Amino acid sequence: MTLRLGVLASHNGSNLQAIIDSCATKAIDATVEVVISNNSAAYALTRAADAGIPTRHISTATHPDPKSRDITIATALRDHHVDVVCLAGYMKQLGSHVITEYQNRILNIHRAPLPRFGGPGMYGRAILEAVLSSGVTEAGAAVHIVDEEYDQGPVIAFSPMPVYRDDTVETLETRVLALEHRLYPETLGKIARGEIVLPPAGSTVSP
Ligand code: GRF
């Protein structure tokens, strides 16, 4: 059965594009049904519109009350019969309605190993700066299940990547994004084919 995806993105949306392209070429049996952003100027929304995918701007500007914002996001996902929610550079925390309704069905992609390089404040280039200053020789991209805690949910797919002595934040970013663009669609393809089975709603999973 075709996997119906809802993608939440705040900025560029290059991961969204990789997912859209994999759906379009039928590399994965999935469709992006709706793209939601908290940022009306996100290029992710342009990418979605260009692909003919419905978009929603749901933010503190459109819905100042956090509960109403949370319910509006959950309703938009439900209205589009979304099976799996993909966070792709989404910079806001989800509310309890979305987390509960899509428990164990919300995924995120992270640009470094988890839980080591996750948690509050670990976003964007700060993550890669932490990787560089830690001295690790291996980093990589991770797809994990999203729960109430920042970057704490179980990792369901990981793609390793060497860290070289002369790497900079920029070189790491270029390489990890290329990895992400393969890993996220591949992982969704495995879910669509039943090769990765997401835990049933109501069960808790240890990382
Ligand atoms: C990616 O590196 C992703 O891992 C992180 O945010 C970045 C989003 O990039 N969560 P893009 O918007 O998909 O280009």
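Modeller: N104 sits in the loop between α4 (96–101) and β5; helices (H or I, at least four residues) and strands (E, at least two) are DSSP runs, numbered from the N terminus. The model is predicted, so local features need pLDDT of at least 70 and side-chain atom pairs pLDDT 80 or more, while totals for chains, interfaces and linings use all residues. Residues are numbered from 1 along each chain as its sequence is written, and side-chain values use heavy atoms, without hydrogens or water.

N104 has a relative accessible area of 7%, so it is buried (under 20%; exposed is over 50%, partly exposed in between; 1.4 Å probe, protein chains only). Its side chain reaches the backbone oxygen of P200 at 3.0 Å.

β5 (106–110) runs antiparallel to β6, with four bridges between them; pairing takes at least two DSSP bridges. H110 has A142 of β6 as its bridge partner. On to β7 (residues 155–162): β6 pairs with β7 over seven bridges, again in the antiparallel sense. There, A139 stands opposite M161 of β7. Strand β6 (residues 138–145) is largely enclosed by the rest of the structure, because seven of its eight residues are buried.

Among the elements giving two or more residues to its lining is β5, along with α1 (14–24) and α6 (169–193). A pocket is an open set of points on a 1 Å grid over the protein atoms alone, where a 1.4 Å probe fits, with protein on both sides within 12 Å along at least five of seven lines; lining residues have an atom within 4 Å of a point. Volume is the space filled by probe spheres set on the points, joined across faces, edges and corners.

The lining has 35 residues; G89, Y90, M91, I109 and Y123 lie nearest the centre. By class there are 14 nonpolar, 13 polar and eight charged. Nonpolar covers Ala, Val, Leu, Ile, Met, Phe, Trp, Tyr, Cys and Pro; charged is Asp, Glu, Lys and Arg; the others, Gly among them, are polar.

The second largest pocket has about 240 Å³ of space. Of its 14 lining residues, R69, I73, Y90, K92 and Q93 are closest to the centre. Helix α3 (residues 66–79) supplies the largest share, four residues. The lining splits into five nonpolar, six polar and three charged.

Technical notes:
Polar contact = N/O pair within 3.5 Å; in protein donor to acceptor, adjacent residues only side chain to side chain.
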